[in-house]
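I will go element by element and write down what I look up.

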Amino acid sequence: MFTLSQILAIAIFVIMFAAIIYGKVHRFIPALIGAALTLGVVFLLVMRSPESVVSVLNLEQLGTLNFWVPGQEHIESYGVNWQTIVFIGGMMVMVEGLGEVGFFRWICLLLAKLVNYKVVPILVVFMLLSGFLSMFIDSITVLLFLAMVTIELSRLLKFDPVPVIIAEIFAANTGGSATMSGDPPNIIIGTGLGYTFTDFAANTGPIAWLGMLLTLAFFYFAFRKILNAPHGDTPPVAHYPQPSEAITDPLHFRINAGIFVAIVVLIVTHAETGISMALIGVIAAFLTLLASSRKAMHVISRVDWRTLLFFIGLFVCVGGLEETGVLEMLAQYIGRVSGGNIMLVIPLILWISAFASAIVDNIPFAATMVPVIVNLSKTAGLKLPTLAWTLALGTDIGGNATPIGASANVVGTAIAEKEGHPISWGRFCKYAIPAMLLVVALCWLYLIIRYT
């Protein structure tokens, strides 16, 4: 039987999820309302436990030296994960600084020029660029600039940008699964369980790039006829945009590019240096704002603070499920169904994560499942790292299947619609679902061979 606190925690979480899926208001609003109800109604009114409020908010983390240097190796409480919040916030600031100086547009135009502005080669190199950049910066950001440049080139070269944008979205989520800093679910899993960039690169990296090659082949054969179809006369090559046109300020371009390289190095080596992901985010933001000088406030104003508020609210709602024991019950149920057999647990977590992330945003699903796999590891005696890699691949790849499965999907399709190229659910799913099923099946085979 469920207790009143458990029933209320579940109801709040389900209603929050439903509001996020419905999508009539920005997702940070239902998340914050759900957080307020969890803290006020579940913890204070029903449980009469101020200690639960303190535990879930986790504010004391920010004041401890161990949180910053060396990085906190494990977060015992599954309330607000401040490592994730601070890191993503700092990276958002750095990315806005790079965007201001034309860094991303320069990369896109340079690659387009290298393939002589041929449409099908642009599809291939933009997919590779999307996957590679998503290993280090948020896939949302990658799609923000990549979709815009794709549409700009489509107007010039007279091709339909929708197939390329769908492929870029899939590549971003697949490439992002290769590292800890790639997709938000991986950041949540990594900072919550104490895994490093190199841990992810060594375990999810190989299959992510095998999946990327499979994805590349799938979309190449799916879209080459569409993209090669004549859509009108194109202007002479001399009229095509040059990479140098993207650089608005050469000096600040070089400075911000240098900051980006330095931060990537810090992310890759943070296990060796002991610098936490949160501190890396702070360094990225500080250096970017220092380099921006007079434009610092403009850069700050462009950061998507609503997404950070969404994360905070989400973590509190998940903390409500954890504090009331709901997630422990779920873990025990999975353990009973699978009999503690890792051969059954891997496909169970992988496919449930994939299909659930296709229906709902994979960020809240990943945040919900982290404490579940921890409890499952304890109760069933299974290796936690194996469960973590399975969850990461399931949520990252599964999120590709629908326009709402991952934040990158929402951003990419929204930009396309805004620019006059709406992407229907039918058209998106026609290509994304088969590709997702192929890559998840490949992940299943990889996980069974490597970890059983």
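The entries below follow my reading of some helices, their contacts and a few loop residues.

Entry one, on the model. I note at the outset that I am working from a predicted model.

Entry two, helix 19. I looked up helix 19, residues 342-359, and found 18 residues that reach 26 Å from the first C-alpha to the last, close to the 26 Å expected at 1.5 Å a residue. At its start I found a side-chain oxygen of N341 within 2.9 Å of the backbone nitrogen of M343. I then looked up which residues of helix 19 are buried, and the list includes I342, P347, W351 and A358. The buried residues of this helix pack against helix 18 (326-338), helix 20 (362-380), helix 21 (384-398) and helix 23 (425-451).

On the side of helix 17 the contact is made by residues including F310, F311 and E322, and on the side of helix 20 by residues including I363, P364 and N375. By class I noted 10 nonpolar, 2 polar and 1 charged residues in this contact.

For helix 9 (residues 162-176) and helix 23 I found axes that come within 11 Å and cross at roughly 30°, with a right-handed crossing. Helix 9 contributes V162, P163, I166, I169 and F170, while helix 23 contributes R427, F428, A432, A435, M436 and V439. I wrote down the division of these contact residues as 10 nonpolar, no polar and 1 charged.

Is S276 buried or exposed? I found a relative accessible area of 2% for S276, and since buried means under 20%, S276 is therefore buried. This serine lies in the loop between helix 14 (270-273) and helix 15 (277-292), and its side chain reaches the backbone nitrogen of L279 at 3.1 Å.

I looked up R48, which has a positive phi of about 50° although it is not a glycine, and which sits in the loop between helix 2 (28-46) and helix 3 (50-57). R48 counts as exposed at 67% relative accessibility. S293 is not a glycine either and has a positive phi of about 45°; I found it in the loop between helix 15 and helix 16 (296-302). With a relative accessible area of 46%, S293 is partly exposed.

Note on methods. Residues numbered from 1 in each chain as written. Predicted model: local features only at pLDDT ≥ 70, side-chain atom pairs only at ≥ 80, totals over all residues. Heavy atoms only, no water. Helix = DSSP H or I, 4+ residues; strand = E, 2+ residues; numbered from the N terminus. Expected span 1.5 Å × (residues − 1). Buried < 20%, exposed > 50% of the residue type's maximum accessible area, 1.4 Å probe, protein only. Contact = heavy atoms within 4.5 Å. Polar contact = N/O pair within 3.5 Å; in protein donor to acceptor, adjacent residues only side chain to side chain. Axes fitted to C-alpha atoms, helices over the stretch in contact; angles between N-to-C directions. Left-handed = near helix turned anticlockwise from the far one by under 90°. Nonpolar A, V, L, I, M, F, W, Y, C, P; charged D, E, K, R; others polar.
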